[in-house]
Amino acid sequence: MSKPASELSTIFGPTGALAKRIEGFRHRASQIEMAEKIEAAIDRAGVLIAEAGTGTGKTFAYLVPALRSGGKVIISTGTKTLQDQLFHRDIPTVIAALGIPVSTALLKGRANYVCLHHLEEAVADGRFMNREDVKHIATIRRFAERSLSGGGTGDKAELPDVPERSNAWNAAVSTRENCLGSQCERYADCFVMKARKAAMEAEVVVVNHHLFFADLVLKDDGAQDLLPACNTVVFDEAHQLPDTATMFFGEAVSTSQMIELARDARLAGVAHAGDFKDLQESAMALDLATRDLRLTVTEDFGRMPGASVAEREGFAEAYTKAQEQMGELREMLESQSARAPEIANCLERADELSQKLAQWQGAGEEGGIEGVIRWAEAYSQSLAFHLTPLSVANIFREQVFGKKRAWIFTSATLAVKGEFGHYQTEMGLMNAGAKVDDDDAFNERVNEGKVETASWASPFDYPNQALLYLPKGLPAPNTPEHTEAIVRAALPLIEAAAGRAFLLFTSLKAMDRAHGLLKDLFEQRDLTFPLMVQGEGTRTELLERFRKLGNAVLVASHSFWEGVDVKGDALSVVVIDKLPFAAPDDPVLAARIDAINQSGGNAFMHYQVPHAAIKLKQGAGRLIRDEHDRGVLMIGDNRLVDKPYGKRIWQSLPPMRRTRIEAEAVAFFAEATVDDTQEQTAGLLAVGVKAG
Ligand code: SF4
């Protein structure tokens, strides 16, 4: 694949290849500039961190240079939805517009593909709880057969008839632990293996951040084979990377993994070593010991420091007992491992889990592992033990500068007031002009690969399209009366806008309370706007309903802060209850704050405030999605004006008009009736409010 001669400015121009192909394509100077920067970074195998405000057209701005580059490219997205959209819609559009032959592949984590081996085992076991699961597993089986004979991918996204949350999927996919790999009798037909092979052969591969990091760390899903051959990596939604990297650059072991091992070892024992009862008994003993261990922590949910968990009554004994049972099972498995690949697979898992249990315990002992946070997380059925690096910077920097390759990081929200310092520090992407490591070759590579940053503001007319409203007289955000005050302050906006609102809360508790209050207030005032709440359907279902209804009010929490795109009139009010500071008692955050402060830094200003600003930008970004959108963003947190850091936060938002006066915020919707949206708004008002 060689780079076509036409210049980027022509391709993106008013009569260029994209304009000819894409209906409604807008020529934007910022998009051309961004594409040029990305092309230059790809050519010099450099690092570019690029923020592009909503509407810049960043997807095409990276796709065009990436597809023209002539090398192997990995594009990683934040979500599987975006991954599908890129692969099925955007990339084919750009390829057709440019008229260049580029081979492409979509690669997801293994849990997205039907596993023929485990599907058949599940059917044979008949281990399903209810009729619905049985029906779903039969549907999955027919889908797998169709995919096999028709050359399909076995990707569960192609089977919407079985909901993603169905139990049947758990039995019909593989995990890194239970996959039999080349020992599997279905290896030749295996969808996971086929998807990896296609990814190896393609020039452009679309993955997601979870897969990318899982593979860097776990060497499982195929990217470890892809990365060495790759010339360019593009991360879209790159603001998510610090969290994703944190999740994967660590170790974790959970009681559910131990219980699954006990179950699989028992089943493998029954099937392949029925004459050796000790194996089954030892698996049952591990199951029991693990369940006892879970019971020593009484919380149903929550993240807690390792030290506080270790102090719980009976915990130390239960942990040791579980380790001993794991060791015993390991011995039994070892003695029978030659009898079947299923038993050998369980042996490998027992080894890995034993090692992780020992590591977690060791990290808590005096002189434990430096630079690592030891913590635990409780779920209703499970307890997970984590070791997380204090910082992912060094680990990630080694990846980025380890080999000559271009890295592009892009998102609508990376900078705080135009600065990228916090992101660069967190991800190890400092522009090193000096020695950063003892390894000279590495230093050279860092300096050669010079990190560039760039940002482009949204092309939308924010001062006219949007109003930032901070109500006067609100109680402090940590007081019990705050949520009610937010709901009461938001109500006039909801009425003026005739519904069409998102109310985003920083906690589920506040979300539930606000939902209850709004329900009552709607009843009292005879307001008939459909009221929806996060959790009463999947995110996709809720969004579809919201868009269709056109006058709905959605009360939500974190699930709707990002990746939600409601263009047009259906959404005209976004209410955010508080500045979204992460809970400081979270064990990972608390340890990081401590480490920054102890090294003489100011964790609040350099870590917590930038994180809150980025998150706020994400939430606020739901409001204006195209150049015809208009709306009010209400933020119910006085700290925006009362605290010195507040200014830094609101100045990170797009340049909306600002007000503290309710009448002005309400009048914003009347302004809309002056222009050509008059009829529409009046119509919606008539629909939303009962007569009388
Ligand atoms: S190789 Fe692994 S994923 Fe593929 S069918 Fe066999 S067990 Fe399933």
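**Strand pairing and the sheet**

In what sense do strands E14 and E15 pair, and over how many bridges? In this predicted model, E14 and strand E15, residues 553–556, pair in the parallel sense over 3 bridges. Within this pairing, valine 533 stands opposite valine 555 in E15.

Both strands belong to an open sheet of 7 strands with parallel pairing, ordered E14-E15-E13-E16-E17-E12-E18. Its edges are formed by strand E14 (531–533) and strand E18 (657–659), each of which pairs on one side only. On average, neighbouring strands of the sheet are turned by 15 degrees against each other, direction ignored.

**Helices on the sheet**

Helix H23, residues 508–524, lies across strand E13 (501–504), E14 and E15, and runs at about 155 degrees to E15. Helix H26, residues 603–620, also packs on the sheet, where it touches E13, strand E16 (573–576) and strand E17 (631–635). The direction of H26 makes about 155 degrees with that of E16.

**Nonpolar cores**

The largest nonpolar core has 153 residues, and Ala172, Ile408 and Leu633 have the most contacts inside it. Helix H22 (residues 482–497) contributes the largest share of this core, 8 residues. Apart from this core lies another of 35 residues, among them Val253, Ala283, Cys346 and Leu387.

Isoleucine 408 touches residues including Ile38, Leu48, Tyr62 and Phe235.

**Surroundings of the ligand**

The ligand is surrounded by 14 residues, the closest being Cys115, Ser174, Cys179, Cys184 and Cys190. Helix H6 (116–125) and helix H9 (191–201) each supply at least two residues of this shell, and the largest share, 3 residues, comes from H6. By type, the shell comprises 9 nonpolar, 4 polar and 1 charged.

Notes:
Residues numbered from 1 in each chain as written. Predicted model: local features only at pLDDT ≥ 70, side-chain atom pairs only at ≥ 80, totals over all residues. Core = buried A, V, L, I, M, F, W, Y, C linked by C-beta atoms within 7 Å. Buried ≥ 20, exposed ≤ 12 C-beta atoms within 10 Å, placed from the backbone. Helix = DSSP H or I, 4+ residues; strand = E, 2+ residues; numbered from the N terminus. Contact = placed C-beta atoms within 7 Å. Near = placed C-beta within 6 Å. Nonpolar A, V, L, I, M, F, W, Y, C, P; charged D, E, K, R; others polar. Pairing = 2+ DSSP bridges. Axes fitted to C-alpha atoms, helices over the stretch in contact; angles between N-to-C directions. Lists of a residue's contacts leave out its neighbours within four places in sequence.
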